[in-house]
Amino acid sequence: MPEDQYAAARHAAWLGAAALLTDEVGRVLLVHPTYREDGSWVLPGGVVEHGEHPHVTCRREITEELGLDPPLSSVLAVHSFSAHHPDLQPGTHCPGEVRFVFDGGTLTPAQVQAIRLPPEELSEYAFLETRDAVQRLRHVDGQIMLAAYRARLGNTATAHLADGWHILDVPALDRHDVHVRSRPLWDSPLHPGPVPERLPVRQAWAWCFIPDGRVVVVAAPGPRGALPMLPGGTVEATEARFTAAWGPTPGSAWPPGSPPSGRRPSTPPPGAPSPACSPPPPRPPPCWAGAHPEPGRPDLLRTRHTSGGACPPLAPPPSRRFRRRGCG
């Protein structure tokens with residue numbers, strides 16, 4: 001095959017580069033371009049010029065669009081866009097696109113105040129929670145943004161997507177459609193001064209670890225995505241122990257009819273001693289390597305040794321082949 005014919009037969013695609021920038025409470029920075037007829041928003045970035053590397057494009061575009069020059073720490077997502085994707089505007093002669101999303105880090109209040117937009121290209125910018133950001137992005141752009149944000153949040157490897165969908169194993173945060181809740185710094189729940197005397201405890205949560213060091217979280221599905229949180233809840237007036245808000249106290253059992261959420265009822269079953277009046281019975285030392293569900297009660301784990309006194313080993317931890325660093 002002649003060289004010109006061979007070159008024309010190879011796949012061609014545009015290259016794009018964007019940055020995931022957040023403020024101090026984790027909200028995503030979006031910009032509103034003046035050239036999009038559907039009024040959708042985008043991540044800061046642009047098209048890679050001839051002979052330019054994507055990371056150079058990303059820094060150049062951020063400087064041109066925002067007047068900033070933040071460092072780029074990693075590639076959070078790589079996305080391939082087919083030429084016939086329905087989110088492309090009609091009449092766009094695009095042979096396909098490969099987009100890189102870089103981690104631009106967290107902007108300081110001084111950097112946010114220094115943002116300056118080119119009025120001929122961008123009309124406004126906004127910091128939004130992920131659930132609100134996807135409402136302003138095109139559908140595929142929202143999927144790319146969420147994959148990049150969750151890769152940063154979960155400390156996982158680079159997300160690889162095609163037309164908005166993961167082409168490798170779907171990370172847990174994407175699989176469960178997990179969003180994060182941001183709270184403004186001026187609305188912090190932390191008390192700035194000393195703890196007042198006899199302050200009642202309203203909420204109680206638990207940090208629960210499994211043997212390989214990962215933390216257990218629960219996430220209730222909702223119309224706007226699941227929200228992860230530690231197991232716990234509100235401490236009721238009749239509960240004598242703070243641990244009652246997130247599970248049974250040592251030595252106690254779940255009475256029949258307990259809700260599946262793991263919430264311990266405030267009223268003990270008939271004939272049961274009050275936890276405020278009598279100490280719980282002693283229990284054997286925990287056996288982390290041999291925890292088994294109690295027969296008939298899969299929601300409650302208890303320790304059990306084999307007849308030889310040894311603990312049966314747990315299954316090996318999940319593969320870390322795709323993790324970038326640490327535990328995700």
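Colleague: In which sense do β2 and β6 pair, and over how many bridges?

Modeller: This is a predicted model. In it, β2 pairs with β6 in the antiparallel sense, over 6 bridges.

Colleague: Which residues of β2 lie on each side, and are they buried or exposed?

Modeller: In a regular strand, side chains alternate between the two faces of the sheet. Here Val28, Leu30 and His32 are on one side of β2, with Leu29, Val31 and Pro33 on the other, and all are buried. Because 6 of the 6 residues of β2 are buried, this strand is largely enclosed by the rest of the structure.

Colleague: Which residues touch the most other members of the largest nonpolar core?

Modeller: Nonpolar side chains in soluble globular proteins tend to be buried together. The largest nonpolar core has 25 residues, and those touching the most other members are Leu20, Val28, Leu30, Leu43, Val101 and Met145. At least two core residues come from each of β1, β2, β4, β6, α5 and β7; α5 gives the most, with 8. Apart from this core lies another, of 16 residues, including Leu29 and Ile115.

Colleague: Which residues form the nonpolar patch on the surface?

Modeller: Trp207, Phe209, Val215 and Val217 form this patch, and together they have about 430 Å² of accessible area. Trp207 belongs to the loop between β9 and β10. Its relative accessibility is 60%, so Trp207 counts as exposed.

Methods: Residues numbered from 1 in each chain as written. Predicted model: local features only at pLDDT ≥ 70, side-chain atom pairs only at ≥ 80, totals over all residues. Heavy atoms only, no water. Core = buried A, V, L, I, M, F, W, Y, C linked by side-chain atoms within 4.5 Å. Buried < 20%, exposed > 50% of the residue type's maximum accessible area, 1.4 Å probe, protein only. Helix = DSSP H or I, 4+ residues; strand = E, 2+ residues; numbered from the N terminus. Pairing = 2+ DSSP bridges. Patch = residues over 30% accessible without salt bridge, like charges linked within 9 Å, V, L, I, M, F, W, Y side chains within 5 Å. Areas by Shrake-Rupley, 256 points an atom, 1.4 Å probe, with all protein chains shown as cover. Salt bridge = Lys/Arg side-chain N within 4 Å of Asp/Glu carboxyl O.
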